[in-house]
Amino acid sequence: MNFAVIVFPGSNCDIDCHKAVEDTVGQPVDYVWHTETNLSKYDCIIIPGGFSYGDYLRTGAIARFAPIMSALLEAAKQGKYIIGICNGFQILLEAGLLPGAMLRNRTLKFRCHQADLRVETTRTAFTGDYEVGEIVDIPIAHGEGNYYCDDATLAELKANDQVVFRYAGSNPNGSVDDIAGICNKEGNIVGMMPHPERAINKLLGSEDGKRMFTSVLNAWREKHGTAITNS
Amino acid sequence: MIKATVYVTIKENVLDPQGKAVQGALNTMGFEEVSKVRIGKYMELELDTDNRDEAEAKIKEMCEKMLANTVIEDYRYELA
């Protein structure tokens with residue numbers, strides 16, 4: 001299974017994402033620079049965190065127009081697995097691949113700490129190895145994670161089982177309905193503010209993020225008729 | 001050469017955390033009469049054209065596509 005980690009000028013979690021794939025599932029993973037226009041070889045595309053384009057204008061606003069994005073839209077249409085983490089989530093929102101928008105944290109503070117999340121659905125490619133209702137420990141580090149959508153969109157997200165994670169403890173940024181991560185209707189695209197790539201080893205404080213990577217590998221294997229492992 | 005100014009503000013029904021913080025600070029400073037603050041962006045664009053209608057259409061397109069996130073922001077523009 002081929003993984004891609006897209007790198008924009010200002011991305012800074014790309015190395016962690018790359019290492020996370022190596023250490024959790026050991027599959028081939030490439031860095032893909034934002035000027036590339038072809039993602040056809042990849043089965044899973046990771047859009048890492050950071051400050052792409054310095055967060056100028058709005059976070060993710062300029063990344064959304066990078067050359068790589070048309071290839072990403074194509075991959076999304078083809079049902080490839082896409083995960084946007086933190087700035088990656090912001091970029092997916094700006095690109096319209098996920099509904100809603102991101103505002104500055106309500107407290108105006110940059111929150112950088114451990115966070116308890118509740119897994120709300122296991123139907124996405126990235127959460128198959130979890131249990132619904134499970135509480136996981138995954139760190140956050142963001143100043144603009146206040147997810148917003150209007151009432152109609154929120155109703156739709158709930159009705160279509162599109163809320164993937166909620167903050168289980170206190171909500172660190174004021175996001176609507178305590179939402180920490182969502183997916184598209186089909187479940188192949190996930191966006192989340194917390195950083196699972198930083199929770200893959202007990203030495204880092206938590207390995208609860210590891211199963212997001214094993215889940216997507218299992219999802220891909222199931223699709224391609226090969227054996228599923230419980231590792 | 002046509003100059004345009006674009007104003008982008010957070011929508012009325014969306015909480016503006018920055019505005020709220022500034023309001024709180026103004027109140028603390030003694031300006032208690034301030035009951036609401038919204039903070040927005042102000043942009044100046046220079047367009048290399050003299051066709052006002054075309055320029056206006058282009059500015060509107062720029063606002064819709066990039067300068068404002070229409071999920072959470074309103075915009076208005078003026079051509080000089």
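# Exercises on chains A and B

Among the contacts in chain B between residues at least 6 apart in sequence, 70% join residues at least 24 apart, where two residues are in contact if their C-beta atoms, placed from the backbone, lie within 7 Å. This is a predicted model, in which local features need pLDDT of at least 70, side-chain atom pairs count only at pLDDT 80 or more, and totals for chains, interfaces and linings use all residues. Residues are numbered from 1 along each chain as its sequence is written, while chains are lettered from A and ligands numbered from 1 in the order in which they are written.

**Exercise 1.** Find in which order the elements of chain B run from the N terminus on.

*Solution.* Begin with the terms: helices (H or I, at least four residues) and strands (E, at least two) are DSSP runs, numbered from the N terminus. Chain B has 2 helices and 3 strands, and its elements follow one another as β-α-β-α-β. The radius of gyration of chain B, 16 Å, is well over the 12 Å that the globule rule gives for 80 residues, so the chain is more spread out than a compact globule; this radius is taken over C-alpha atoms, and the rule is 2.2 Å times the number of residues to the power 0.38.

**Exercise 2.** Work out the order of the strands in the open sheet of chain B, and which of them stand at the edges.

*Solution.* Two strands pair if DSSP finds at least two bridges between them. In chain B the order is 2-1-3, with antiparallel pairing. Strand 2 (40-47) and strand 3 (73-79) of chain B stand at the edges, because each has a single partner strand, and one side of each is left without a neighbour in the sheet. Strand 1 (residues 2-10) of chain B is joined to strand 2 of chain B by 8 bridges, and Thr5(B) stands opposite Glu44(B) in strand 2. Helix 2 (residues 52-67) of chain B packs on this sheet and touches strand 1, strand 2 and strand 3 of chain B.

**Exercise 3.** Describe how helix 1 and helix 5 of chain A pack.

*Solution.* Helix 1 (residues 14-24) and helix 5 (residues 210-223) of chain A pack at about 70°, with their axes 10 Å apart; axes are lines fitted to C-alpha atoms, for helices over the stretch in contact, and angles run from 0 to 180 degrees between N-to-C directions. That makes helix 1 of chain A roughly perpendicular to helix 5 of chain A, a term that covers 65 to 115 degrees. Finally, Ala20(A), Val21(A) and Thr24(A) in helix 1 meet Lys210(A), Phe213(A) and Thr214(A) in helix 5.

Terms used:
Parallel < 35°, antiparallel > 145°, perpendicular 65-115°, else oblique.
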